[in-house]
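Here is a short briefing on one structure. Look over the sequence and the fold before reading on.

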Amino acid sequence: MNSVGLWTLIKREMKRSFQIINQVIWPPIISTLLYVFVFGLALGSRIKGIQGVSYAQFLLPGLVMMQVIDGAYGESSSSLFQARFTYAIQEMLVAPMSAGEIVFGYVFGSVLRTFLIANVIMVLGVLLLHTTPTSWGLYVAVLVLVAALFSSLGIIFGLMAEKYDNIAVLTTFAITPLVFVGGVFTSIHLLPPVVAHLSLLNPIFYTIDAFRYSYTGQSDVGLAISLPVVAAMTVASYAIAYAMVRAGYKLRT
Amino acid sequence: MVDAPSQAPAIAVHHLVKRYGDATAVNGISFAVERGDFFGFLGPNGAGKTTTINAIVGLARVDGGRIEVFGRDVSTAWRQARRLIGLAPQEYNFDRYLRVREILFYQAGYYGLRPREVAVRVDALLERFGLSAKAHAFVAQLSGGMKRRLTLARALVHDPQIVILDEPTAGVDVELRLELWETLRALRREGKTIVLTTHYIEEAEALCERIGIIEAGRMVALEKTESLLRSHARDELTITLAHPLQAPPPMLAHFSARLDPENACRLRFERLSPLQLSEVLALLGRDGIDVEAVNTERATLQDVFLALTGRGAR
């Protein structure tokens, strides 16, 4: 195994993030703060508590997941696509680095970046909303799984994209709508029965449900369902990304 | 650096086949580059040069055949094989988020070398290629010539035994081209095996000890540069006459004399020995044909290239 090569790629991904910090680190933190003030504190004060906590406290884990999903997908897809587009990816492809090392490097770099963003938001939650995760192990596990899931999807779409605009297709037409109806702002128990049942078809619902459990200790469908679903999606997505890189899909002619 | 077995050639390509859909880019070529060789790979656009290079370095998947680098199969022992090769691609493909010095450190990292292991080498390469003053600049701030030199420095950062350069002097001015030629000669003296693809025939002629010419995916010539020139091109001798002729004099028929179609004062011959030349001059003098000048033109690789491919390089 080329552990130095792997660590070099992870360092490179982190370096890239900090070079474009105003694009990838600050925006999710600031937009989460705005959501908390507008929806959580201003409008939320008129809403009864959900799952035994205030609406703002209920909202926070959903907002964290929203930023983790958006950041993990957006950054890994654009980083890989840029590297393909500028041929800079060839620096790695001619070096003794395996497909496994390349995929793990991109995914781990993305996990570190989103972990940083999530933890800043978590600290803001402690300071502003006096809420902390009740299960730190679950908090870390779901964060890592969801970041790995969406950065793997980012690799898949970063490989498939022919132009930068293609990357936005998944965000615009799938991720953003599914996040908004996936339980960030409300429990499915408060939705009409038909909509609640449809929510169960939404894969993002399970990520938010599992992560919120680490804060509130409660879940809409039960952790025994949501956590395995998230884990299965992560494994499947990672395996597809690995298979594509190993086959040299749009990387090697 | 990886220890290389003592017997195997630096690069051995066996019946390489590469297809893109229905098109066959490389059609069963075989060749070897001996260790320490300066090998030139020539061919027109689309002949299969870059595809072959990409197959050697792992950027192209092969559809048939086998490639070995110092006896190591690039498909199975790819980690070891890749450590032995440094690639300087034609296109600038630098990481835009890194500064010049970082580019070398990160490239070494991808080859498994830690920063402390290569720090001295990185600074020596920056010095050698005149990039020390730009060590902390981004690539966008470099001139074209600096980018070309950085490409070569990056190819050398892990101290490979083989350096492959794809069109290293494409688009550079004459001064830099000569500077790069000198650098490549120095690398050759240091014991590196060098493989060069080029459109510039004079470049291959000036630098390479062996030449492979590829045309439509097939190797049409593979010889030492000198023997290639001898076997496929002829030195030409021109006798300039004081007055134009209607046709070559009949008494020169067995010397294969030709009248220059663009200048009827010039008689052209291929490969005349000094004895034959004095005989020709005597025959011309006997018939009262005045001679003004005698010139010889050395055969060039351009002539070989045209003879073998039937077209110009570009």
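Predicted model: local features only at pLDDT ≥ 70, side-chain atom pairs only at ≥ 80, totals over all residues.

**Sheet in chain B**
- Strands β1 (residues 11-20) and β4 (residues 64-69) of chain B run antiparallel, joined by 5 bridges.
- The open sheet has 4 strands, ordered β2-β1-β4-β5 (chain B), with antiparallel pairing.
- The edges are β2 (23-33) and β5 (72-73) of chain B. Each has a single partner strand, so one side of each is left without a neighbour in the sheet.
- Strands of a sheet pair through backbone hydrogen bonds, either parallel or antiparallel.

**Helices in chain B**
- Helix α1 (residues 49-57) of chain B lies across β1, β2 and β4 of chain B. The angle between α1(B) and β1(B) is about 115°.
- Helix α9 (residues 274-286) of chain B has 13 residues. From first C-alpha to last, α9(B) reaches 18 Å, close to the 18 Å expected at 1.5 Å a residue.

**Contact between chains A and B**
- Chain A gives 22 residues to the contact and chain B gives 25 residues.
- On the side of chain A that touches chain B, α1 (3-19) and α5 (90-93) of chain A are the elements that give two or more residues.
- The largest share of that side, 7 residues, comes from α1(A).
- By class, the residues on that side of chain A are 9 nonpolar, 8 polar and 5 charged.

Notes:
Residues numbered from 1 in each chain as written. Chains lettered and ligands numbered in written order. Contact = placed C-beta atoms within 7 Å. Nonpolar A, V, L, I, M, F, W, Y, C, P; charged D, E, K, R; others polar. Pairing = 2+ DSSP bridges. Axes fitted to C-alpha atoms, helices over the stretch in contact; angles between N-to-C directions. Expected span 1.5 Å × (residues − 1).
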